[in-house]
Amino acid sequence: MSLADEFIQSPSYELLSRCTKDNLLYIAENYAIDLTSEDKKLKESLFKAVEPYRQKFRRLSKTDRITYVEFAREKENLFDRWCTSEHVTSREQLRELVLLEEFKNCVPDAVATYLHDRQVTTLAQAAVCADQYALTHKSVFVPFSSSPSRCIRS
């Protein structure tokens, strides 16, 4: 029995620490392991193994050493691995993945890090968390205006 199969049957940090990067990728790609909140180290280690797919996909660029066909094939392969590692199986999940990625690319780095730490999975969650971050980290306060209130009273 391989180390990856042992880990899948009985997840433990000790087994995970002995896994090679290929084992970790195999585990992350092929099995949705339900890790409890106490298994934070396990989650972080698995994430570190899977995260390179997204980064490689986003950063891959055409060089003079490869043809456009090879570049397109590699881009497609990395995209498929990224989607597999994120357990994307439907059009809606793919939509959320792309929208969330684009949202994180458009916000300040501190907000993106906050969203990453919160492990948000949808655009709606990301927007709410980003607003919460902005409210709790707001350093400039606008004084109240002396103009009359515009509240609508019923």
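Modeller: Contact here means heavy atoms within 4.5 Å. Among contacts in the chain between residues at least 6 apart in sequence, 38% join residues at least 24 apart. This is a predicted model, in which local features need pLDDT of at least 70 and side-chain atom pairs count only at pLDDT 80 or more, while totals for chains, interfaces and linings use all residues. Residues are numbered from 1 along each chain as its sequence is written, and side-chain values use heavy atoms, with hydrogens and water left out.

Colleague: How many helices and strands does the chain have?

Modeller: Helices (H or I, at least four residues) and strands (E, at least two) are DSSP runs, numbered from the N terminus. The chain has eight helices and zero strands, so the order from the N terminus reads α-α-α-α-α-α-α-α.

Colleague: What percentage of the residues count as buried?

Modeller: Buried means under 20% relative accessible area, exposed over 50%, and partly exposed in between, with a 1.4 Å probe and protein chains only. Of the 154 residues, 26% count as buried. Areas come from the Shrake-Rupley method with a 1.4 Å probe, and for residues only the protein chains shown count as cover. The chain exposes about 11,500 Å², of which carbon and sulfur atoms supply 53%.

Colleague: How many disulfides are there?

Modeller: A disulfide is a covalent bond between the sulfur atoms of two cysteines. The rule used is a pair of cysteine sulfur atoms within 2.5 Å, and the count comes to zero disulfides. As for individual cysteines, Cys106 is exposed at 59% relative accessible area, whereas Cys129 is buried at 13%.

Colleague: Which side chain of opposite charge is nearest to Glu96?

Modeller: Lys and Arg count as positive, Asp and Glu as negative; His and the chain ends are not counted. A salt bridge is a side-chain nitrogen of Lys or Arg within 4 Å of a carboxyl oxygen of Asp or Glu. For Glu96 the nearest side chain of opposite charge is Arg95, 4.1 Å away, and Glu96 is buried yet has no salt bridge. Glu96 lies in helix H6 (residues 91-106). Not counting residues up to four places away in sequence, Glu96 touches Thr121, Thr122 and Leu123.

Colleague: How many aromatic pairs are there?

Modeller: A pair of aromatic rings is described by the distance of the centres and the angle of the planes. Rings of Phe, Tyr and Trp (its six-membered ring) pair if their centres lie within 6.5 Å; planes under 30 degrees apart count as stacked, over 60 as edge-to-face and the rest as tilted. The count comes to four aromatic pairs. In one of them, the rings of Phe57 and Phe79 have centres 5.3 Å apart and planes at 50°, so the pair is tilted. Phe57 lies in helix H4 (residues 40-59) and Phe79 in helix H5, so the pair ties together parts 22 residues apart in sequence. Phe57 is buried at 15% relative accessibility, and Phe79 is partly exposed at 24%. Phe57, Phe79 and Trp82 form one aromatic cluster.

Colleague: Where is Gln119?

Modeller: Gln119 sits in the loop between helix H7 (109-118) and helix H8 (123-136). Its phi is near 50°, a positive value in a residue other than glycine. Gln119 is exposed, with a relative accessible area of 56%.
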